[in-house]
Amino acid sequence: MKLKVLAPFSAVEEVEPLIAAGAEELYCGFVPAVWVRDQPADQWINRRYPRGANLCALSQLAESVRLAARWQVPVFLTVNAHCYSPAQLPTLMKMAELAAEAGVQALIVSDLSLLLALRDAALPIRRHLSSLGHCTNAEAASFFAELGVERLILPRGLSTREIAALRGRGPRPLEYEVFLLNDGCAYDEALCLTSHHYGPICLTPWKVDPHPMGGAKEGRTSKWAENWHAYQRYLWCLNNCGSSCGASGLPNGPCGLCALSALGAIGIDAVKVVGREASTPRKLASVRVARAVVERVRLGESAEAVSGYARELRGTPELCESTYTCYYR
Amino acid sequence: MGWSATLIDGVAVTFSRLYVGDEFCQQLIPSGRELESMIELADSRHVPVTLATPPVTDDGLDGLGPALRALADRPAAEVLVNDWGTLRHVHRLFPELRKVLGRVLHREAKDPRASGRHATASLTEPYVTLLRRFGVSMLSLDRLPADESPLPLAVHLPYEFVTAGRACVISGVAFPEPKKFRSDFACPRPCRTLFLDLRSSDPRVEMRQKGNALYAGNGGTSLISSAAGRVARWVYDLSVDKAYSLFASSETSHEVESPRAV
């Protein structure tokens, strides 16, 4: 059983506190100045705003890797836009080369052209498939394994039953990583071709006109307003419950803590805390609670006891009961 | 030869291929029997069939089996793939079926709020070699490409797919709380009889939710005149554009390469 706790960081100063809080792996983004200067503002290098969520100098990346290595904690770098233009690929390949030299252990990639270029360049750096690569079945896992991918980050939209099926049929020795805490997505991010540069499109305050067609079941139309209202609550939960915190100071929002026993039994290698852009206290609180519950699983406590402990730590029974904050419903 | 109907801007067109299935939701994979009846319909109009397939879980891939088997010995039959696992599966087990890369896999940044150039997947030589190795014969797009393509292109009209997800707002109408908006569930398919139009304060952003996918208009048939021979196939998506029906037949006067219909 691994269930390594993978944590995000966006500043060198966060590395050691996150490790002290329980992070066993780290990931980050890096946006060089040349990218900000030359590329359109809405074409992000890694699905997060260039500043705030990312390191902005190679020296910061190298220093982060050095600090993490003191504790034998690997650092992964995300380069996971949906797609890159031919003009952008050389910059990314140079970045990959420099990241490998700095000791980054893996690149998190989604774009097939970049993935193939990295394979062909044979850089001494592992390749992890981003959740944006959208691997949702064992046959796709084999496809990516044949391209040299060593870890799959499974999309949020899979249930534990589906993850078990994929892991059971999928090739070995691939590693599997899943989402554990924070930042939901109303659509599947792998299928969402918009840019958050304009804000999340799912949070647009739409005026909605439902159009029933011939054969619509009696009563469905009248249920629509209630359904839309429920959907707004669901979106609020996915959006970290309005960035609120529970009484214990733990950030509210999407959560898979109750599923950790099941994920451990499936053989998941790493569980991901999301939110490179989040504040340092938010990251630290998330990592602490993730590690605390993972330790209960490692100690062999029953699934029921682990789930009860997770709910107790969260201290938000009304959110847990709604299930809208559950990654694995 | 083809299927004649009056559809686009009142122009009578001939369709040369019928797309069936769904590109974004595995709840809408047709059963073998459903597909047989659609094949029968296509046969009666002398057009071949393309089976559109969505991203799938292992259950979904298993669920595609009957439809793929029903299609396997059909002349000129195709599978539109939106999942790398499906591509590998079809290539291994149904090598005779032609394969078209769908819009989920052939990626373009498509944000209706954006203006200016948009990013499209790079068709590098290793990538194209990979696609050819898996027997991909055509790429699907929603916008006209800026550059020449090494593979023939199919462009969808009159809507572009912008985003999709398994937790579907429309499916929620069929369930009480807290059972709404899940991903792993049996859906009674309320989207068969309900779609949504969504408007924002930005007049550029008018969208349509059909099934679990969100669409924006992409210029429609005006793209045809500006394509300058770069497009091998036009796919007119009648499942999203509710203004027309494939069954409003008329005499043929203009040929469009291919429709999309369900």
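## Strands in chain A

Ile108(A) stands opposite His128(A), a residue of β5(A). This is a predicted model, in which local features need pLDDT of at least 70, side-chain atom pairs count only at pLDDT 80 or more, and totals for chains, interfaces and linings use all residues. Residues are numbered from 1 along each chain as its sequence is written, while chains are lettered from A and ligands numbered from 1 in the order in which they are written.

Strand β4 (residues 106-109) of chain A runs parallel to strand β5 (residues 126-129) of chain A, with four bridges joining them. Strands here are DSSP runs of E with at least two residues, helices are runs of H or I with at least four, and both are numbered from the N terminus; pairing takes at least two bridges found by DSSP. β5(A) also pairs in the parallel sense with strand β6 (residues 151-153) of chain A, over two bridges. There, Leu129(A) has Leu152(A) in β6(A) as its bridge partner.

## A helix pair in chain B

Over in chain B, the axes of helix α1 (residues 32-44) and helix α2 (residues 58-71) come within 8 Å and cross at roughly 30 degrees. Axes are lines fitted to C-alpha atoms, for helices over the stretch in contact, with angles from 0 to 180 degrees between N-to-C directions. α1(B) and α2(B) are therefore roughly parallel (angles under 35 degrees; over 145 is roughly antiparallel, 65 to 115 roughly perpendicular, the rest oblique).
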